[in-house]
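Subject: Structure handover

Hi,

Here is the structure for you to look through. Please open it next to this email and follow along.

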Amino acid sequence: MGYKGDALAPESVRFAVLGTVRVWRAGTELRLGGPQQTALLALLLMRAGQPVAVDEMVEVLWGRRPPDSAANVIRRHVGALRRLLEPGLPARAGGGWIVRGTGGYRLVTDGDSLDLLRFRELRDEARRAATGGDPAGAVHLLTRALSLWQGPVAAGLPEQVRAHEAFTAPARERVEAVKEAADAALRTGLPGAVLGELRETAADHPLDEPLLARLVHVLAATGHPSEALRTYDTTVSRLADELGIDPGPELRHARRTMLVDADREEPRRTREDVGGAFSERGSAFSSPGTDGPEAIRLPTPAQLPPDLATFTGRRVELDEALTPLVGDAWAESAADGPADGTANGSVDGTANGPVTGTVVIGAIGGMAGIGKTTLAVHWAHQVAHRFPDGQLYVNLRGYDPSGAVMSPGEAVRGFLDTLGVPPERVPHGLDAQVALYRSLLAGQRFLVLLDNARDTDHVRPLLPGTPGCLALVTSRDQLSGLVAAHGARALTLHPLDTDEARDFLTRRLGASRVAAEPEAVAEIAALCAGLPLALACVAARAVTHPRFALSAIAAELREAHGSLDAFARADASADVGAVFSWSSRALSPGAARLFPLLSLHPGPDFSVTATAALAGLPVRQVRRQLAELAHGHLIGERVPGRYAFHDLLRAHAGELVHDRHPETERRAAAERLYTHHLHTAHAAGLLLAPHADLVPLPPTPTGVAVVPLADDREALAWLTAEYPVLLAVIDTAAHSGHDRLACLLAWAMEPYFDRRGHWHDWATAQRTALNAALRLSDSAMEAHGLRGLARAEGRLGLHDSARARLHRALDLFTGLGDDVGRAQTHRSLGWEHEQQGDLPGALRHNQRALELFRAAGHRAAQASVLNSVGWYHALLGEYEQALGHCLDALDTLREIGDRYGQAATWHSVAHAYHHLGRHPQSLIGYRNALTLYQDLGVPYLEATTLTGIGDTHRATGDHAAARTAWLRALTLLVGLGHPDAAEVRTRLQARDERRGLA
């Protein structure tokens, strides 16, 4: 962290306050003592060179109610700081670094020793360069100045301390420096040099109009016009909502300039290099003058379910209600269209509809089984080409009889994942997630199909927010709220009449067979009440038995009895439930028994092995029965080997299960199903993390099929396929008296949650588990639940809550004498300390965990934490100690076959070798880690390792190899939308500047 060269005097002292408060003496970082002493030092550094009155010190440390001993405490802290900074000198009043004067205490330092003063020196030099006609030099100096900021001023100190004027003033200086850098960068034609810093600063100051205006200018100049427009629109909304004002002249000018520039070229659609948004032109990560790889092009979302090849009818609905929506979706925005509120032009021969000023919405309503989804999907396929940016689809399961309704939060997180937002970039809270989702769709042409919504509130957060997108919603509800508040075009489907039903059957059975028995066809249509789903079941029966007369099938149907009162039409002459009852009675005995049992499955779909566990039957036998049910249209095969109900048929199966299976049998079937998922997830979790502290399970019960998983690849594949089901099982088990099972399953999934970054779902599952554990009144279960929820909260940045839970868990594990639980909790506390910048604290907790794991003989966890201990030694500059620990860990990890742990440890080894100057050994270590991460499919850690490889090549002077490694890392990070991409891009730019390539 030297500011004027790397050479240090033997007893030189350096200070940092632009981020965590840190001090180094002779190159070794010092431990600063408690929070008060650190806060006092930070205040002296903020006023560097100026006297600080004791009264001001007291105000910062205690506020308005200091203790009587405050002055004495200040003197003790000053003495301790003097001994820390100059251990060879007595703590006298005239000490070298901290001196006493009539105005109070003063810390003597300069720009060589304090990052804040160096920041100000560089900013003054930049101003002189800009005034002297050298904007490129100003950009360079300001970029160097801003790079000194490692976080908020005095990060980690209490909020009441950092709220003092001494700490807030430098933050304002940084904002002004960012504005100056943006101005200079725009003048010199190098806007990309400040984009990352400008984005970050604007996110922290969302109401600073001059700052946001510069961001709009820079975004437009670097080829991100859509993001520039989103930034402008979001800022205007915030100003109106929070301040009640309109945008000022700077913002309005920025928007006009952007629109003029945008008209000069035809944009290319590529994914943007931030959070999965979209970029209109150029490379996703190449800066002007570099020869980087081609732009990252993520696949365009195309999530619509398959269209039905035998779709027929609904011509009136298609022509009169749906087709006009396409024109509306393509209408120009009111801001840029004609003054009379209409839009000119057409698309593919269809006239544009009226300007709406917002997203166009179509709401398709009607009773269950009426064909809402089939119609919506069919029509969406016909117009998908008009929405080239993508088509999103989600089944919200609003009326799922199992109660497994998808929440808006779950749905929007699924959309963010599809749009390329990595899980770790998904913000906390539904409002923030919805804002990000709408920002990504702004300025794009998307079709969003929201299927099976419960009501308007269910679907409102999922609506796009700007013109050009079309939202299509299906629901049994009339969705009058969408019509009234959002101008939705409503369409209510009615049953097919006799002619339409005849056409429906003709497409499936052939014209000659239908024409031969018109009376039977009419009776079938009446008995099915015109419901397409019921007609499909009858058609399946007729196709299966081509020699059966349709009159005989009508007679079978007439004689059937069913009960589906909740879904029957009030004006139907026949009970539609009879169709499904009749269909299920036509099954073989095995399939007829299985059909109602499937209603006990809580997930959106089910696998063959899960079904085998539910039925208590061999997999081969169940596979045949599922195929029979699918052939009869009683279930659908969504993807090979995974099946799903239409919710109307699930309701019918739910009625049958109570009639045909007594409560004891139903409970036993559900327990087999839950146990199947628990035991398989437990095995998968141990394959992903052999050192995980998973609560041991009893032997697998007889009759429960467990998926055999050979390695961590198969474990990941199974967990990914079953993920929505596993979440549903946790919730259903916790609400049906299976509290212990819900806890065990949530904890078994921890390695997967963490590996894939599903931190929001992790927190939800862990809250469910902790509540279940509390109901059990079991201290051990409570301790595990507290630690599990704390880990998830920590990943979400909720560190205060996480630390409190971890300390409570540690107390419980200690009282229980559970040394392994204590050790795992110490590891989690170590991670929390690292997040707060307390590396010595992180090391202490991991060393304590290592002692406990050794005492317990837990070799896998011991090896993993041994690497962590080594890593923290490395971060503290103790590289020889780090190597010793990490190499010992590597031997054990190889022996137990923990490939993920090996990869992490090889990375630690390489890092230590690099800083010891042993670069060939460092490259070997990094390459071993890279091979494992590539094989395991962990792209973020692969990118981190490639960055290390590039750094080591740079250290050896092989700049071409360094650039190649960094570009590969940048490609991965851009694809993930990860913020670390900015650091790698800085490396590339600095390298190219030195070699005259930029």
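Below are the findings, topic by topic.

**Ground rules**

This is a predicted model; local features need pLDDT of at least 70, side-chain atom pairs count only at pLDDT 80 or more, and totals for chains, interfaces and linings use all residues. Residues are numbered from 1 along each chain as its sequence is written, and side-chain values use heavy atoms, with hydrogens and water left out.

**Confidence**

Start with pLDDT, the predictor's confidence in each residue, from 0 to 100. The protein has a mean pLDDT of 78. Of its residues, 82% reach 70 or more. Helices (H or I, at least four residues) and strands (E, at least two) are DSSP runs, numbered from the N terminus. Confidence is highest in helix H30 (residues 739-748), at a mean of 94. Strand E8 (residues 346-347) has the lowest, at 31.

Treat two stretches separately. Residues 1-10 have a pLDDT below 50. Contact means heavy atoms within 4.5 Å. Beyond near neighbours in sequence, residues 1-10 have 20 contacts in the model. Residues 561-575 also stay under 50. For residues 561-575 the model has 31 contacts beyond four places in sequence.

**Nonpolar cores**

Two terms first. Buried means under 20% relative accessible area, exposed over 50%, and partly exposed in between (1.4 Å probe, protein chains only). A nonpolar core is a set of buried Ala, Val, Leu, Ile, Met, Phe, Trp, Tyr and Cys residues joined through side-chain atoms within 4.5 Å.

The largest core holds 78 residues. Phe-15, Leu-41, Ile-98 and Phe-167 touch the most other members. Helix H7 (residues 165-188) gives this core its largest share, nine residues. There is also a second, separate core of 68 residues. Its members include Ala-612, Cys-743, Leu-745 and Trp-747. In soluble globular proteins, nonpolar side chains tend to be buried together.

**Two open sheets**

Two strands pair if DSSP finds at least two bridges between them. Strand E2 (residues 22-25) is joined to E3 by two bridges. Arg-25 has Thr-28 in E3 as its bridge partner.

Another open sheet of three strands runs in the order E15-E17-E16. Its pairing is antiparallel. Which strands stand at the edges? They are strand E15 (606-607) and strand E16 (636-639). Each has a single partner, so one side of each lacks a neighbour in the sheet. Three bridges join E16 to strand E17 (residues 642-644). Val-639 has Arg-642 in E17 as its bridge partner.

**Helix H38**

Helix H38 (residues 879-896) has 18 residues. From its first C-alpha to its last it reaches 26 Å, close to the 26 Å expected at 1.5 Å a residue. The expected span is 1.5 Å times one less than the number of residues. Its buried residues include Tyr-879, Leu-883, Cys-886 and Leu-893. The buried residues of H38 pack against helix H37 (859-875) and helix H39 (899-915). Just after H38, Gly-897 takes a positive phi of about 80°.

**Cysteines**

A disulfide is counted here as a pair of cysteine sulfur atoms within 2.5 Å. By this rule there are zero disulfides. Cys-469 counts as buried because its relative accessibility is 0%. Cys-886 is buried too, with a relative accessible area of 1%.

- Ala-411 is in helix H14 (residues 408-418). At 3% relative accessibility, Ala-411 counts as buried. Leaving aside neighbours within four places in sequence, Ala-411 contacts Val-394, Leu-396, Met-406 and Leu-462. Ala-411 and Val-394 are 17 residues apart along the chain, with 6.9 Å between their C-alpha atoms.
- His-77 is in helix H3 (residues 70-85). At 14% relative accessibility, His-77 counts as buried. Outside four places in sequence, His-77 contacts Gln-36, Gln-37, Leu-40 and Leu-61.
- Arg-620 is in helix H26 (residues 619-631). Is Arg-620 buried or exposed? Arg-620 counts as exposed, at 65% relative accessibility.

Best wishes
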